[in-house]
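Here's a quick briefing to keep open next to the model. Have a look at the structure first, then read on.

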Amino acid sequence: MTNQRRALITGITGQDGAYLARFLLDRDYEVHGVVRRSSTETFERINSIRDQVCLHQADLLDQLSLVRVVEKSRPHEVYNLAAQSFVPTSFDQPLLTGEFTALGVTRVLEAVRLVDPAIRFYQASSSEMFGKVQEEPQTEQTPLWPRSPYGVAKVYGHWITINFRESYDLFACSGILFNHESPLRGKEFVTRKISDGVARIKLGRQQKLKLGNLDAQRDWGFAGDYVRAMWLMLQQDAPDDYVIATGVKHSVREFCEVAFGHVGLTWQDHVEVDQALLRPADVNTLCGDARKAKTQLGWEPDVSFKELVRMMVDADLERVRKEAT
Ligand code: NDP
Ligand code: GDR
């Protein structure tokens, strides 16, 4: 083993995993990633760095597979990004979501504790934990009131991380990240669904875009900025929890306005509300206060809301143009 820093990322094939892997490679890390077996590969987001990272098969449901991966890769830092992360699916599959998104965290923590308690651990906590918000903006101290099985599972993951820190003195941090998006965002999430829809409509491949709750407000940032915050948390002298957010919120309707407007279209001509897309319980508003991260980590977002929307629409325009008609 060399002196090079080693990191292990669960969820490396997801949006954040792909950005974090690139960020760590740029800092000369040896990057290891956990991938789960499937009949078709899901490595699209990491194709361009495939030969620079070391991938290991394991699953959040399988404790021993996680122990083996930590033993094999012997990381200095573990970033636990893997989860069932889509809120509507958590209403349809609440038990599976609990297994992945809640108990999965304990399995990764147990693997760390068993193999090497000196490993620094990052848990991907979420603003969804605030749910029915008890104050605005939300800070690290705001009481939690999750509104979906996903949010409930994330609350468990958040507290088990704190519990392992307090019980076993692990360097375990929890980043309470507000929504962050990018051209690599999954297409079922509302921002990417809109940017993809705008591109298809502009290029004549689609007529209408069906959405659910247009009034929902989110504090949207850029994923590339947010993975920097994850890393910064693990470089501090002591482990702690941080809210990561832009401090500015916008509605889904405003997102549509900027996205369609960017290509010279009027969103009202194309967007239809589909009642089937409404959730049994939704989070109506979220807005984070990231002052602690700014003061202690020196972290601030670089990309603004409008820049983010345009970046996503431009990327989808380019991609859809290349697709065969
Ligand atoms: P994605 O949904 O894009 O990626 C999820 C990743 O988890 C994928 O790599 C997926 O693998 C992997 N995964 C899912 N289940 C398992 C399993 N059983 N075993 C191993 N791997 C598994 O999520 P994001 O990148 O957007 O988010 C990363 C993390 O941050 C998640 O935990 C999410 O809940 C959390 N989060 C995200 C926010 C956001 O706005 N993006 C905000 C706050 C928190 P596969 O490719 O095989 O499906
Ligand atoms: P969210 O993201 O639930 O906040 O979770 P999503 O983009 O799915 O929804 C945001 C808001 O938009 C409303 N909405 C729609 N959502 C989707 N997906 N599709 C639609 O057609 C639609 N129309 C309106 C939703 O009702 C909601 O209010 C994301 C995930 O990345 C989580 O893993 C993460 O923890 C949180 O962000 C922070």
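A polar contact here is a pair of N or O atoms within 3.5 Å; within protein, one must be able to donate a hydrogen and the other to accept it, and residues adjacent in sequence count only if both atoms are side-chain atoms. Keep in mind that this is a predicted model, where local features need pLDDT of at least 70, side-chain atom pairs count only at pLDDT 80 or more, and totals for chains, interfaces and linings use all residues. Residues are numbered from 1 along each chain as its sequence is written, chains are lettered from A and ligands numbered from 1 in the order in which they are written, and side-chain values use heavy atoms, with hydrogens and water left out.

**Around the ligand**

- Ligand 1 has 24 residues around it (a heavy atom within 4 Å), and the closest are Thr13, Asp16, Arg36, Ser85 and Tyr150.
- The side chain of Thr13 puts an N or O atom 2.6 Å from an oxygen atom of ligand 1.
- On its own, ligand 1 has 900 Å² of accessible area, and the protein covers 90% of that (Shrake-Rupley method, 1.4 Å probe; for residues, only the protein chains shown count as cover).
- Strand E5 (120–126) is one of the elements giving two or more residues to this shell, and its three residues are the largest share. Helices (H or I, at least four residues) and strands (E, at least two) are DSSP runs, numbered from the N terminus.

**Strands**

- E2 (residues 30–35) has five of its six residues buried (buried is under 20% relative accessible area, exposed over 50%, partly exposed in between; 1.4 Å probe, protein chains only).
- E1 (residues 6–10) runs parallel to E2, with five bridges joining them; strands pair if DSSP finds at least two bridges between them. Leu8 stands opposite His32 in E2.
- E2 also pairs in the parallel sense with E3 (residues 53–57), over five bridges, and Val31 faces Val53 there.

- Glu136 and Pro137 are joined by a cis peptide bond, with omega about -5 degrees; Pro137 is in the loop between E5 and H5.
- Arg74 isn't a glycine, yet its phi is positive, about 40 degrees. Arg74 is partly exposed, at 35% relative accessible area.
- Asp169, also not a glycine, has a positive phi near 65 degrees, and at 68% relative accessibility Asp169 is exposed.
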